[in-house]
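Look at the sequence and the model below. The paragraphs that follow go through the strands and then the charged side chains.

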Amino acid sequence: MNEESGANFSPVARGKDMNIEFSADEWYDHHRRKVVWFKAIVDEKSIDCGISIEALREHFGAFYDDPLPAFRLQRERIQDIAAKLIEQRRFEDDGTVLVRSADL
């Protein structure tokens, strides 16, 4: 996906035995999957998390060609949902976590 930029990480959620933090960076994959990606660190393991452009448009009014402002405004809510998906072990086949409209 994207190279780690050494960005700061902030704790967001703690499961029973799980420490989940998210990086401050994000990137938009507009060519392949149409997803805004961000990184989670779970017990020292990096996990790519994303939110679909459809979810950003339907729930947060994101623009298709520039969804990052909407993501940044709703980052905390989106990361909270991603943390819940991680705690529930709802990973995609490729090991990523994807927030969809139905999750919001």
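Strand 3 and strand 4 run antiparallel and are joined by eight bridges. In this pairing Val35 stands opposite Ser52 of strand 4. The two strands form a hairpin with two residues between them, and Asp43, in the turn, has a positive phi of about 45 degrees. All of this is read from a predicted model.

Strand 4 also pairs with strand 5, this time in parallel, through three bridges. Here Cys49 stands opposite Val97 in strand 5. Strand 4, residues 45-52, is mostly covered, with six of its eight residues buried. In a regular strand, side chains alternate between the two faces of the sheet.

Next come the charged side chains. Side chains of opposite charge can pair when their charged atoms come close. How many salt bridges does a search of the whole structure find? The search finds six.

One of them joins the side chains of Arg33 and Asp94, at 3.1 Å from N to O. Arg33 sits in the loop between strand 2 (19-29) and strand 3 (35-42), and Asp94 in the loop between helix 3 (75-87) and strand 5 (97-99), so the pair ties together parts that are 61 residues apart in sequence.

Another salt bridge is formed by the side chains of Arg90 and Asp103, at 2.9 Å from N to O. This pair links distant parts of the chain, 13 residues apart: Arg90 is in the loop between helix 3 and strand 5, and Asp103 is in the segment after strand 5. Arg90 is partly exposed, with a relative accessible area of 42%.

Glu92 forms a salt bridge with Arg100, and their closest N and O atoms are 3.0 Å apart. Arg100 counts as partly exposed, at 37% relative accessibility. Elsewhere, a network of salt bridges links Glu26, Arg72 and Arg75.

Last, the confidence of the prediction. The chain averages a pLDDT of 88, and 85% of the residues score at least 70. Over residues 1-7, pLDDT stays under 50. For residues 1-7 the model has 14 contacts beyond four places in sequence.

Notes: Residues are numbered from 1 along each chain as its sequence is written. This is a predicted model: local features need pLDDT of at least 70, side-chain atom pairs count only at pLDDT 80 or more; totals for chains, interfaces and linings use all residues. Side-chain values use heavy atoms; hydrogens and water are left out. A salt bridge is a side-chain nitrogen of Lys or Arg within 4 Å of a carboxyl oxygen of Asp or Glu. Helices (H or I, at least four residues) and strands (E, at least two) are DSSP runs, numbered from the N terminus. Buried means under 20% relative accessible area, exposed over 50%, partly exposed in between (1.4 Å probe, protein chains only). pLDDT is the predictor's confidence in each residue, from 0 to 100. Contact means heavy atoms within 4.5 Å. Two strands pair if DSSP finds at least two bridges between them.
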